[in-house]
Every structure is written in C-alpha cells, then in structure tokens.
Amino acid sequence: MTRGASLEFDRVSKTYGAVTALQPTSMTVRPGEFFALLGPSGSGKSTLLGTIAGFVAPSGGCVLVDGADITAMPPHRRNIGMVFQNYALFPYLTVAQNIAFPLKMRRLPKSEIAARVDRALEMVRLGGFGPRMPAQLSGGQQQRVALARAAVYDPPLLLMDEPLGALDKNLREEMQEELRQFHRNVGATILYVTHDQQEAASMADRIAIMNHGKAEQVGAPHEVYERPGNSFVARFLGEANMFRLRRGWPDGPGRLRCETEESLNLLACGATSAALACVRPEDIVIGPAPTGRENCFAGRVTDLVQVAGSVRYRVAVAPGCTLIVRASAERRAVVLAKDDAVHVGWDAADMRFLSE
Amino acid sequence: MDAQPSVIIRTARPWTQGRGYALLAAVPCLFLAVLFVWPLLRVVLRSVLEPRPGIGNYTKIMFSGPYVAILLNTLEVAAIVTGVCLLIAYPVAALTARMNGLRLRLMTALIVGSLWTSAVIRSYAWMILFQRYGIVNDALVALGIADAPVRILQTTTAVVIGMVHILLPFMLLPLIASMRRIDPNLLRAGRILGANPVRLFLGVYFPLSLPGVHAGTVLVFISSLGFFITPALLGGGRMMMAAMLIEQQANIYLDWPIASAVATVLLAITLVLYIAYGRIARVDVTRSLR
C-alpha cells in the first residue's frame, strides 16, 4: 500500500492567447483522498489535470506535490499515474507488456517486472490475460488494464481523466464500485475528472465543481449538494427549483419571509441578502390535500415521469412558476395523474439561499 | 396429359451494394485484363517458349553473362535508395505531421508539387550538375575537397541521388499520413509512465509510425527495382540496373526471349520480396491507406 501524496494548486492559471482556460485556482487535495473535479466540458477541469501531469504548462502559479514544486518538471520525472478516457493502451504491445512499460522505463530487474505485472493483473482480476493484445479485450477489460498500468509502479498520485466515459451505463456503475475498491487497495491520492455528477458524488470524498475556468465550490458531495453556494452549483449537482427573490423581511425568530418574482410568499430560515433561493425536488411533499408544511401551494400536475423508485412531477403553482417534485415510491400511496389538482409543500428549513 | 399448375418461382436476387460496385469494376477490370495482364502473360510465356520451349533462357541468365550481377546491383541500389529515402523523409515527415493549417498545406503542396516535374527533366538537370565541369565539381575543387574534377556521373552515387530525389515523395506521403494518425494520448501516456524523450520515440512514436514506414518502404523499393530513366541518364554505360538491361536486350540485341526472361525474374523477385515483407512485418500495405 502506497502513502498518498498531498496536492496543492497555488494560483494556477492558463490562458491561450486571449482565451482563459483556467482562472487563478488554489485548492488543496489531502493525502489519500479521492478528489473529483466535476464540471461541464470547457470548464477547465482537464486543463487543471493537465498541469499536474505536465502536459499543460500553467501561465501562472505552481503545482505542489507533497510540498515540492513540480511545475517545471517534465512529465516523465513526476512519478504520477494516469488513466485516460480512451484507455491509451499501446496497441502494438500485449497486456503484460503494456503494464510492464512503466517498470521498464524505471529499469527494474526483469524478474521483479514479471512479478509485479502478475500482481497488477491479479489486482484488476485479469490474471491470465497477459499475453493478449489490447484489441482482443472488451472496453471494461481494457480500462482495467489501464488501471493496472497506472498503478503498477505505486505512484502516490493517480490522475483519472473521465476513465469511464467510453463505457456504457451498466458497466460504468460496476466500474465505479471497482474503482472505489481499487482506491482502498492502493491508498494513492486520486484526482478524478468527470462531467457526470452522479459518478463524482458516489465515488469522491470531496469534489470541486468547476465552471468557466474556475472552481465554484469545494466540499464533500453531500455538503455541496445540501449547501450549494450559487445557482450553477445547485443546478449542476442534482435538480433544484430556483426562486428569484424580490424582497424579504423578518418573520418571527430566525425566520425570513421572502417574495419571489412570481409574487409567491416563501418562508425560509436565516437572514440573507441573496438574490436566489432554491428547494430540492425531493424535499417537496405532494398530495391531493394541503400538506400542512410551512410553505404550501396549490397547483396542477402538468407532467410526470416514472423513474426507478420515484416519480418526477412538474407542478404549475403560479403563472410562470413550475416546480419539479420528486416523490419516492412510498410517498406515492395516492397515485396522481396529469392535470390533477394537487398541493405541494416544504419546510422553511429546506430552503437554501444562493448567490447568482 | 397432366396439366401441371404453373408455379412462378421468383429467383431475383436481392439488391446489394456489392453488386452495384461489381458492375462499376467491370470496365477497369476489362481494361487491365486486355492491356496489362495479357501482355504480361505474353512476356512470361515468351520467356519459356522462345526460341524453343524450356528453361533455356533462365539457365542462360543464371550461369552466363552479366545478368545475375546486374540483378544483384539492382537490388542493392533499390535497398540503398530506400534506406536513404527513409532517413531523409522520417524527420521531415515527423515535423510536417505536427503542422496544421497553412503550414501543413504549404508543406503538402511542396511535396506533391515536386511530382509535377517529369523524372526525365529532373534527371537531365542532375546530369548537368554532375558533369565533369559542372557546378558540383566546380564547387568541390573550389572548396579544396577535390584536387581535380572527379567522376560523379556513371557512379552508384549519382544514380542514388537522382532516384532519391524523385522517390522521396512516395516515402514522405505515407509517413506523414500514418504519423498524423498517432493518438496524442498514447504519447502523453508514454511520458507520464516515465519515458524520457529518447525512450518515448523508440518505445512509442516509432512503433506507432511503422505502418507508414512499411508502406513507404515497399512503395520506394518496388519503384526503384523498375527504375529506368534516372539510372540510364545518370549511370548509363558503367552502372546498369535491371530495367536498362531489359531495354538493351530488347532494343539493341533484339533478344526478346532473354529480355522477357529477365523481366519475369524481376517480376518474381518483386513479388517474393513483397509477400515475404508482408509476412515479416505482418502488415498489409493497404492498411496505412485506410
């Protein structure tokens, strides 16, 4: 088991001519952490990853691994592991030769290379696949070879650039499980780039939400989900019903009454000058009778979609205001249909204030 | 009489794209059959049927005259030309493959454009440069490299320079094509896995460029084997290659059976080398064109 390295970005930035790919970004990844960079394409997450690998020369700032500045070091001396989206296995080498490649570059004795390759193959459950060519393997198997190759020299830091992006959905979920297991086994710090919020949330210890070349918010998945700092984070990580606030005034101890643009009256906790408030679809209760919650509205179902384990309703509560409501299977005792008159409600504590 | 009920069995074959293509291929196939395969067959037949049936022409080639030596010389020159082309073309192709936009188009135009001037004209140009009191000799003497004008024409050196000049694009183009198809992620993978620039080239870049190397090598080597004009103009008289020998036998000695036999041997050598190379390198030359 390897000791994971700490990773620190100190005002790392990248510009291509007039285009800013990455605004000055500072963040710290703890030793042994599974850290995900989550964001849409073009958000700067791959650029940030590239600065660690040494494929992208930062325009400013520096990258530190275990406190040592590696910004000027060429990639081959960094001793970092990396898994690519398209696997990047060498097509002219066998599986075993692919895994042996980094060991050969490190001039390890032949017998040790053979032993380590065997162990790496066992770890990714591909024992006996050594003599095959990569093209003879399925996508999932190739990705496991790529994992073995990236980990066989025990790098303290592993970079993964959308490693499951090319796999189909079922396999992807299986591989997520396997990657978590892999992380526990190798103990290295993992920096994982993805645009899939479910993937990031289910695997990472902490995530950084990237947008327009900067990190919008960093935190544990549930923290970021429950306390999104701004509207982008709230929308990108799960669904959110967003309200634009016109004004607010205190209403009882610790309570704030707000008026939204659609002239809805909402009760929330705390005091704020934020321009937006949101409520998660699963925090809203729906039923044919008034819900008795602090925020309660009558509406009409305009659309509903059955998804595994829950139903996703769209409920029009005011002109220009449609809420998304997710009712889990147990709350679905009363089956609602399109055009039904319904009541929706949620507690003041479920309201979150957001900046723009 | 039994009146059998008539049953119409529809035998129309379903339309496939392949049949459409087969029709399109008919004309060129006919063209090749009449104007290429048939004459080639006549050459092969003449070599064993004239002046009398048997393998007399071949034993003559094997055991008398300069034939074997000239064939070996041809193979040697072709190998040298191929090697020199590869050495010159590889770095140029590697640089070109990294270009984009205007620079790439300019480079491609230069390479393809060189094919527009005929080999005859270019070989004559080299003759003028290489002659006893030509520019090259003047320069050699002026620089003190040679005391007196040296003979460049009629040497292997002159022939190789002339042939490399003409065949270089056929090495460059497949190399550039295959280098441009190298996945940059594979090079990144090589670097992050610990390969320094030299080992990255030997362990990743070069193996990935091999399809282009194979295609270019086969194209240049096989073209060299049958080269006529350039060796005739730059090597004529002293240095002889197979195509010149065939021409000499046919046009000067009017010995068509021997000319046919030499041509057949050259064809056989080409085919054997091509097949053997394909087996050893385990490549299909057409693969690099896909």
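This is a predicted model: local features need pLDDT of at least 70, side-chain atom pairs count only at pLDDT 80 or more; totals for chains, interfaces and linings use all residues.
Chain A is divided into domain 1, residues 7-235, and domain 2, residues 239-354.

- Start with an open sheet of 6 strands in chain A, whose order is β6-β7-β8-β3-β9-β10 and whose pairing is mixed.
- Two strands of chain A stand at the edges, β6 (81-83) and β10 (214-219); each has a single partner strand, so one side of each is left without a neighbour in the sheet.
- From one strand to the next, the twist averages 15°.
- As background, strands of a sheet pair through backbone hydrogen bonds, and the pairing is either parallel or antiparallel.
- For a pair you can trace yourself, look at β3 (residues 34-38) and β8 (residues 189-194) of chain A, which pair in the parallel sense over 5 bridges.
- Within that pair, A:Leu38 has A:Thr194 in β8(A) as its bridge partner.

**Helices against the sheet**

- Helix α4 of chain A, residues 139-151, lies across β6 and β7 (157-161) of chain A, and α4 runs at about 170° to β6(A).
- Helix α5 of chain A, residues 169-186, packs on the sheet and touches β3, β7 and β8 of chain A.
- The direction of α5 makes about 165° with that of β7(A).

**Where the two domains of chain A meet**

- The centres of domain 1 and domain 2 of chain A, taken over C-alpha atoms, are separated by 39 Å.
- Domain 1 of chain A brings 9 residues to the contact, and domain 2 of chain A brings 10 residues.
- Together these domains of chain A bury about 760 Å² between them, with 53% of it on carbon and sulfur atoms.
- Which residues of domain 1 of chain A lose the most area to domain 2 of chain A? They are A:Tyr225, A:Ala234 and A:Arg235, which together make up 57% of what that side buries.
- Between the two domains of chain A there are 0 salt bridges, while 4 residue pairs are in polar contact, both residues at pLDDT 80 or more.
- On the domain 1 side, α7 (221-226) and α8 (231-236) of chain A are the elements that give two or more residues; α8(A) gives the most, with 3 residues.

**Where chain A meets chain B**

- This contact takes 22 residues from chain A and 18 residues from chain B.
- A:His76, A:Tyr92 and A:Met105 supply 31% of the area that chain A buries against chain B, more than any other three residues.
- How many salt bridges and polar pairs cross between chain A and chain B? The rule finds 0 salt bridges and 6 residue pairs in polar contact, both residues at pLDDT 80 or more.
- On the side of chain A that touches chain B, helix α2 (residues 95-105) of chain A gives the most, with 4 residues.

**Two backbone details to look for**

- In chain B, a cis peptide bond joins B:Glu50 and B:Pro51, with omega about -10°.
- You will find B:Pro51 in the loop between α1 (17-49) and α2 (56-63) of chain B.
- In chain A, A:Glu162 has a positive phi of about 45° although A:Glu162 is not a glycine.
- A:Glu162 is placed in the loop between β7 and α5 of chain A.

Key. Residues are numbered from 1 along each chain as its sequence is written. Chains are lettered from A and ligands numbered from 1 in the order in which they are written. Side-chain values use heavy atoms; hydrogens and water are left out. Two strands pair if DSSP finds at least two bridges between them. Axes are lines fitted to C-alpha atoms, for helices over the stretch in contact, and angles run from 0 to 180 degrees between N-to-C directions. Contact means heavy atoms within 4.5 Å. Domain bounds come from an automatic or database domain assignment. Buried area is the accessible area (1.4 Å probe) that two parts lose on being put together, summed over both. A salt bridge is a side-chain nitrogen of Lys or Arg within 4 Å of a carboxyl oxygen of Asp or Glu. A polar contact is a pair of N or O atoms within 3.5 Å; within protein, one must be able to donate a hydrogen and the other to accept it, and residues adjacent in sequence count only if both atoms are side-chain atoms.
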